[in-house]
Amino acid sequence: MQSGWASDAGNDYVGRIYYYIRSNSDLSRPERIHVFRKAANEIHVFKVVRRCRRSGYVTAKLDLLSASAHAFTSGQLTPTMEVFEFAFLTWNREEERLEVLVELPNAKIVEEAPVLLTPWHLFDFDLASLTVMTPYLMSPQRGFSFGMALLWADETESDPATWMGDVTARYDGTEQRLGHDTLRYELTGSALEGSRSTGPYGALWLDDDDGHIVEAAFPMPNHPGYTDFLLRLERVSDGGSAEWDELLNAHYQDCE
């Protein structure tokens, strides 16, 4: 596996569901982010602003050897409980690039961006791939690093797929955070210094027992309409597929 990371089936947590809220740092524009570890090499993410409306549904295939994801499919959950898929992202490891295909009713978009560092994560995936990978850290208190790419979903953007740069997570001690014993990290790196950034630093808190993200703060947004990024954990459940299906079905239940 990637240096500093060790694949261990005991840390796969298959069937686990992470309930997060993403927002600006001032807690405005909240959106619920649900991350389901469907299999050791697969995660599903359901994004909800409010019930009874079409909501984002993204799946990713994981490559545990590189501690990264290698293929993404993005779509929307419809009232008929089907996923309308329209965006496909693939990591071409031989060519060291991210290949993007977006198929809209009246347009087809083909983009690519370099992938210059592994492990790497897609920022607009709301750190979902990172939170299932940090449990594999061999020595969390030594810190770690990763790269980030971004697909900026704005029709006016001339180059929506970009390589943001690197992130270094420096261990900064233990802390109680959102009711969890956590390891705190200061975040720096070129990925935090782009044109949309409000400052050079971020912060990350990992659960001291299981290693997943409890909270993350970045000085730049990962979606249009936001000013920065805050991800907070509400709870964790091992309810598996039954709970996941119940969560999806409840989204359109009793809607007019």
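**Salt bridges in a predicted model**

Visitor: Which residues are linked with Arg 177 and Glu 215 in a network of salt bridges?

Guide: A salt bridge is a side-chain nitrogen of Lys or Arg within 4 Å of a carboxyl oxygen of Asp or Glu. In this predicted model, local features need pLDDT of at least 70, side-chain atom pairs count only at pLDDT 80 or more, and totals for chains, interfaces and linings use all residues. Residues are numbered from 1 along each chain as its sequence is written, and side-chain values use heavy atoms, with hydrogens and water left out. Besides Arg 177 and Glu 215, the network links Arg 170, Asp 172, Glu 175, Arg 184 and Glu 186.

Visitor: How many residues apart in sequence are Arg 177 and Glu 215?

Guide: These two form a salt bridge, with their closest N and O atoms 2.9 Å apart. Because Arg 177 lies in strand E11 and Glu 215 in strand E14 (strands are DSSP runs of at least two residues, numbered from the N terminus), the pair ties together parts whose separation in sequence is 38 residues.

Visitor: Is Asp 238, the partner of Arg 16, buried or exposed?

Guide: The closest N and O atoms of Arg 16 and Asp 238 are 2.8 Å apart. Buried means under 20% relative accessible area, exposed over 50%, and partly exposed in between, with a 1.4 Å probe and protein chains only. Arg 16, at 8% relative accessibility, counts as buried, whereas Asp 238, at 53%, counts as exposed.

Visitor: How many salt bridges are found in the whole structure?

Guide: Among them is the pair of Lys 47 and Asp 126. A search of the whole structure gives a total of 18.

Notes. Helix = DSSP H or I, 4+ residues; strand = E, 2+ residues; numbered from the N terminus.
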